[in-house]
Amino acid sequence: MDTEKRKFPRQRVSLSTNILETKTGNVLGECILTDISKNGFAFESETTFSVGQKFNLELIILNRTIHLSGKVVRICDGIFYPMYGVEIIDSESKNLDFFRKYIDYSLN
């Protein structure tokens, strides 16, 4: 039996969004978020990323724009493309408190 070792529970999702370069905001590629938690998320993308690479993405949750900044911490096989595990960078994200409250609500 596989034991969950994550500190924060994950919520399965299927959200499509763009991945943005941190300094310019230019689109690096598209992704499909596969799960989210209060401190991270996972996505699949045909765009290649490396461990340690930082990027931004934008989500609309309950008519509110959320800007998440993340850093790739792991790479594994996804269903269609590589899957990237991402740690949220608190200091560079916007509306993070709202995002975390939404995740808490969704998991209960």
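These legends describe close-up views of one predicted model.

**View 1. Confidence along the predicted chain.** This view shows the whole protein chain of the predicted model. The mean pLDDT of the chain is 89. Of its residues, 92% reach 70 or more. Confidence is lowest in α1, where the mean is 86. It is highest in β6, at 96.

**View 2. The nonpolar surface patch around F80.** Three residues, I79, F80 and Y81, make up a nonpolar patch on the surface. Together they have about 400 Å² of accessible area. F80 belongs to the loop between β5 and β6. The strand β5 covers residues 64-77, and β6 covers 82-88. F80 has a relative accessible area of 68%, so it counts as exposed.

**View 3. N63, a residue with positive phi.** N63 sits in the loop between β4 and β5. Strand β4 spans residues 54-61. The phi angle of N63 is positive, about 60°. Yet N63 is not a glycine. Its relative accessible area is 80%, so N63 is exposed.

**View 4. N95, another loop asparagine.** N95 lies in the loop between β6 and α1. Helix α1 runs over residues 96-107. N95 has a positive phi too, of about 65°, although this residue is not a glycine. With a relative accessibility of 35%, N95 is partly exposed.

**View 5. S93 and its polar contacts.** S93 is in the loop between β6 and α1. Its relative accessibility is 12%, and S93 therefore counts as buried. A polar atom of the S93 side chain lies 3.0 Å from the backbone nitrogen of S69. A polar atom of that side chain is also 2.9 Å from the backbone oxygen of I89.

**View 6. The surroundings of S93.** Which residues is S93 in contact with, leaving aside its neighbours within four places in sequence? They are H67, L68, S69 and I88. Take L68 as one of them. S93 and L68 are 25 residues apart in sequence. In space, their C-alpha atoms are 4.6 Å apart.

**View 7. R100 in helix α1.** R100 is part of helix α1. Is R100 buried or exposed? The relative accessibility of R100 is 16%, which is under the 20% limit, so this arginine counts as buried. The R100 side chain reaches the backbone oxygen of K38 at a distance of 2.7 Å. Neighbours within four places in sequence aside, R100 is in contact with K38, N39 and D90.

Technical notes:
Residues are numbered from 1 along each chain as its sequence is written. Side-chain values use heavy atoms; hydrogens and water are left out. Patches are made of residues with over 30% relative accessible area and no salt bridge: like charges are joined within 9 Å, nonpolar side chains (Val, Leu, Ile, Met, Phe, Trp, Tyr) within 5 Å. Accessible areas come from the Shrake-Rupley method with a 1.4 Å probe; for residues, only the protein chains shown count as cover. A salt bridge is a side-chain nitrogen of Lys or Arg within 4 Å of a carboxyl oxygen of Asp or Glu. Helices (H or I, at least four residues) and strands (E, at least two) are DSSP runs, numbered from the N terminus. Buried means under 20% relative accessible area, exposed over 50%, partly exposed in between (1.4 Å probe, protein chains only). A polar contact is a pair of N or O atoms within 3.5 Å; within protein, one must be able to donate a hydrogen and the other to accept it, and residues adjacent in sequence count only if both atoms are side-chain atoms. Contact means heavy atoms within 4.5 Å. pLDDT is the predictor's confidence in each residue, from 0 to 100.
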